[in-house]
Amino acid sequence: MKKFFFAFLIALLSACGENQKSSEKDQANNENETEQSTHPENIEAQPEAESPLIDYEHEVVVDGLSTPWSFAFLPDESILITEKSGDLIHFKDGQKQMLSGVPQVYDHGQGGLLEVALHPNYEKNGWIYLTFASEEGDGEGGNTKLVRAKLNNNQLTNIEDLYKAEPNSTRGQHFGSRIVFDQEGHLYFTIGDRGNNKENPQDITRDGGKVYRLHDDGSIPEDNPFVGEEGAKEAVFSYGHRNPQGMIVHPETGEIWVNEHGPQGGDEINIVKNSANYGWPEVTYGIDYDDSIISDETSGPEYKEPFFYWVPSIAPSGFAVVTSDKYPNLQGNLLVGSLKFQYLEHLVIENDSVIKREKLLEGIGRLRDVRQGPDGYIYISAEGTGIVKILPESEGDGKYKG
Ligand SMILES: [Ca+2]
């Protein structure tokens with residue numbers, strides 16, 4: 001592995017230079033859209049993302065979307081789509097239906113209507129889970145909230161509040177927030193550090209910078225790691241995270257995996273373990289946006305090491321493991337959306353490590369989410385483009401060119 005990284009060092013350094021030139025700052029929608037000029041010398045370079053072996057064709061399935069943060073397939077293969085601005089859309093039979101009864105969201109910076117996910121037994125119980133930034137509670141600003149609701153005649157009904165992070169903050173950064181269910185029916189969701197890395201990620205009595213675990217009705221599992229500890233947020237499952245905007249249940253191992261934004265450099269993929277500390281901001285592979293050093297250390301005995309990290313940052317969003325046999329070249333590998341570089345990153349996995357990075361769908365738009373559909377096709381959502389289906393090599397050749 002080391003040799004491999006070394007071989008890419010020169011290419012990586014030239015890539016850093018390019019990023020510096022093309023970088024732009026957008027404070028209102030800032031997700032690692034910052035300069036990537038340098039990184040500490042003690043950080044091992046990662047392989048550069050390459051042009052792909054197979055140039056996959058794609059087909060736009062839902063167009064006319066602005067910032068489609070997340071989407072979920074219903075059993076009839078219609079699609080629920082969140083727009084960050086607060087709209088929840090049901091796409092069915094080629095038509096977009098705006099749903100009513102959606103809670104008020106705090107559309108501010110990276111906050112807004114975020115994740116949508118179905119209960120594993122949705123067909124029996126009808127529960128739909130949402131996360132969003134909410135102004136509810138004391139104090140100016142907002143923080144991440146989790147609810148569940150049912151869908152009746154184009155309306156959200158039976159809304160139940162399951163979690164609301166506190167305190168509110170007017171900062172626009174780091175709301176998280178994905179939702180997954182493990183094989184025992186626990187619900188996991190994420191909240192980023194809300195731009196307050198001094199206070200939040202390392203303190204289990206505060207919200208933010210955490211992965212949370214609940215029962216599906218919002219109650220706290222008795223075997224959560226900090227139950228009974230004085231002042232603890234008992235829903236916390238792991239901590240020391242920065243801003244996890246991707247989360248999956250690994251289809252082979254059943255483990256919970258997150259990806260999270262680093263500062264300038266140091267995005268990470270982490271395998272989430274009960275009570276583990278992922279180190280932010282005590283250890284990091286990144287540096288601060290003004291090039292100052294956040295920590296001299298990239299690791300420490302009390303902190304869990306990432307499965308993979310990116311230097312420079314790609315600003316990861318949703319991700320997925322491909323299990324479908326429709327894409328032999330992708331099967332068993334990870335696909336990760338890049339907000340910053342507007343492509344889909346293909347991480348080729350061999351013997352439990354990343355051996356190669358590829359750029360798929362270059363220029364598709366700021367990529368928000370990646371899902372394998374019930375039909376076995378891979379779908380992604382991208383700002384301005386909409387929801388897109390990736391065509392397998394066998395179906396794409398010449399069929400959808402242009
Ligand atoms: Ca870490």
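Which residues does Y212 touch, not counting residues up to four places away in sequence? Y212 touches Y163, Y188, F189, I191, A235, V236 and F237. Two residues are in contact if their C-beta atoms, placed from the backbone, lie within 7 Å.

The structure is a predicted model: local features need pLDDT of at least 70, side-chain atom pairs count only at pLDDT 80 or more, and totals for chains, interfaces and linings use all residues. Residues are numbered from 1 along each chain as its sequence is written.

**View 1. The protein chain as a whole.** The protein chain has 4 helices and 25 strands. Both are DSSP runs, numbered from the N terminus: helices are H or I with at least four residues, strands E with at least two. Buried residues account for 45% of the 402 residues in the protein chain. A residue is buried if 20 or more other C-beta atoms lie within 10 Å of its own, exposed if 12 or fewer, and partly exposed in between, with C-beta atoms placed from the backbone. Take the contacts in the protein chain between residues at least 6 apart in sequence: 56% of them join residues at least 24 apart.

**View 2. The largest nonpolar core.** This core has 82 residues. A nonpolar core is a set of buried Ala, Val, Leu, Ile, Met, Phe, Trp, Tyr and Cys residues joined through C-beta atoms within 7 Å. The residues with the most contacts inside the largest core are I81, Y188, Y212, L335, L344 and I380. Strand β8 (residues 128–134) gives the most to this core, with 5 residues. Y188 is also among the residues that Y212 touches.

**View 3. An open sheet of 4 strands.** The strand order is β2-β25-β24-β23, with antiparallel pairing. Two strands pair if DSSP finds at least two bridges between them. β2 (58–62) and β23 (367–372) stand at the edges; each has a single partner strand, so one side of each is left without a neighbour in the sheet. From one strand to the next, the twist averages 25°. Axes are lines fitted to C-alpha atoms, for helices over the stretch in contact, and angles run from 0 to 180 degrees between N-to-C directions.

View 4. β23 and β24 run antiparallel and are joined by 5 bridges. L367 has A382 in β24 as its bridge partner. The hairpin of β23 and β24 has 5 residues between the strands, and G376 there takes a positive phi near 85°. β23 is mostly covered, with 6 of its 6 residues buried. Strand β24 (residues 378–382) is joined to strand β25 (residues 386–390) by 5 bridges, again antiparallel. S381 stands opposite I387 in β25.

**View 5. E345 in strand β21.** E345 lies in strand β21 (residues 343–350). This residue is buried, with 22 other C-beta atoms within 10 Å. Leaving aside neighbours within four places in sequence, E345 is in contact with A49, I314, V336, S338, R357 and K359. E345 and R357 are 12 residues apart along the chain, and their C-alpha atoms are separated by 6.7 Å.

**View 6. K164 in strand β10.** K164 is placed in strand β10. With 16 C-beta neighbours inside 10 Å, K164 counts as partly exposed. Its contacts, leaving aside neighbours within four places in sequence, are S134, E136, G137, N143 and K145.

**View 7. Two loop residues with positive phi.** Most residues other than glycine have a negative phi, and most peptide bonds are trans. Phi of N153 is near 45°, a positive value in a residue other than glycine. N153 is found in the loop between β9 (143–152) and β10. With 7 other C-beta atoms within 10 Å, N153 is exposed. Q342 is not a glycine either, yet has a positive phi of about 60°. Q342 lies in the loop between β20 (334–338) and β21. Q342 counts as buried, with 21 C-beta neighbours inside 10 Å.

**View 8. Two cis peptide bonds in loops.** From G176 to S177 the peptide bond is cis, with omega near 5°. S177 sits in the loop between β10 (155–164) and β11 (179–181). From V311 to P312 the peptide bond is cis, with omega near 0°. P312 is found in the loop between β18 (308–310) and β19 (316–321).
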